[in-house]
Amino acid sequence: MTAPSGPVRTVTSRSAWHDVPRYQVRRFAEIAMAEAPSLAEEIMNEIRREYPHLPVVLDDSGEPMALIGIRRAIEVFVGHLEHADYSAGRPTVPPGVFQEFGRGEGLHGRTLDSLQAIYRLGVRLAWRRFAEIGQRVDIPPPAMYELVDAGYEYLDGLVDQSVRGYAEAAARRAGERLRLQRRLLELLLAEHHRGDPAEALGERAARIGWPLPEKVAVGVLLRP
């Protein structure tokens, strides 16, 4: 059997958004962009209801940073749909904000499990709103299904940002812990201490989770 002659054609899947009239796409994006602030508020309120102990960090203007990040993520996602053919790549995740979320979890010694659950909650609420808008402007179901897939790909990007920030925070915490350990050992081996040594050493030991020993012995390891 001989191979076919001529150039090899690559078969690519056609985006369902190709078949949606541009005026419908623009209308969908306009409504979604206009509702981005209220959608962000809805997501934020639901997050605070589901996770009441989650700390709220404010920016310089007094607005919750989480709310700013949610709103910005929605606007970037919708803006990509409004200004470009949706099949031409995926929206870029806003840098910095979600990385900072992961960094905060790492610095406070928490895992990323709750943060990822929060992201999934946000995507679910966003999809519910987008589905309602899609019905209003008659976006065909295949295009909306494609939007769901894109939303979860976008979620993966948000998680990647947070994981990067979390890793940076973990490395920083490990370095700080090592520095505190070394300083505590120096104080334990010092002949004289300033102030109350028991109280000072006890506080330092508690910061790194070490029990304060009553006695300290020095050992010398000789290499063969």
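At what angle do helix α2 and helix α5 pack, and how far apart are their axes? Before the answer, one caveat: this is a predicted model.

Helix α2 covers residues 36–50 and helix α5 covers residues 113–136. They pack at an angle of about 140 degrees, and their axes are 10 Å apart. That angle makes α2 oblique to α5; the cut-off for roughly antiparallel is over 145 degrees. As for handedness, α2 passes α5 in a right-handed crossing.

Now the residues involved. On the α2 side, the contact is made by S38, L39, E42, I43, E46, I47 and E50. On the α5 side, the residues are I118, L121, G122, L125, A126, R129 and F130. By type, the α2–α5 contact divides into 8 nonpolar, 2 polar and 4 charged residues.

Next, α5 by itself. This helix has 24 residues, and from its first C-alpha to its last it reaches 35 Å. Just after α5, D138 takes a positive phi of about 60 degrees.

Last, the salt bridges. The structure holds 7 of them. One is between R136 and E35, with the closest N and O atoms 3.1 Å apart. R136 lies in helix α5, while E35 sits in the loop between α1, residues 22–34, and α2, so this pair ties together parts that are 101 residues apart in sequence.

How values were computed: Residues are numbered from 1 along each chain as its sequence is written. This is a predicted model: local features need pLDDT of at least 70, side-chain atom pairs count only at pLDDT 80 or more; totals for chains, interfaces and linings use all residues. Side-chain values use heavy atoms; hydrogens and water are left out. Axes are lines fitted to C-alpha atoms, for helices over the stretch in contact, and angles run from 0 to 180 degrees between N-to-C directions. Helices (H or I, at least four residues) and strands (E, at least two) are DSSP runs, numbered from the N terminus. Angles under 35 degrees count as roughly parallel, over 145 as roughly antiparallel, 65 to 115 as roughly perpendicular and the rest as oblique. A crossing is left-handed if the near helix is turned anticlockwise from the far one by less than a right angle, and right-handed if clockwise. Contact means heavy atoms within 4.5 Å. Ala, Val, Leu, Ile, Met, Phe, Trp, Tyr, Cys and Pro count as nonpolar, Asp, Glu, Lys and Arg as charged, and the others, Gly among them, as polar. The expected span of a helix is 1.5 Å times one less than its number of residues. A salt bridge is a side-chain nitrogen of Lys or Arg within 4 Å of a carboxyl oxygen of Asp or Glu.
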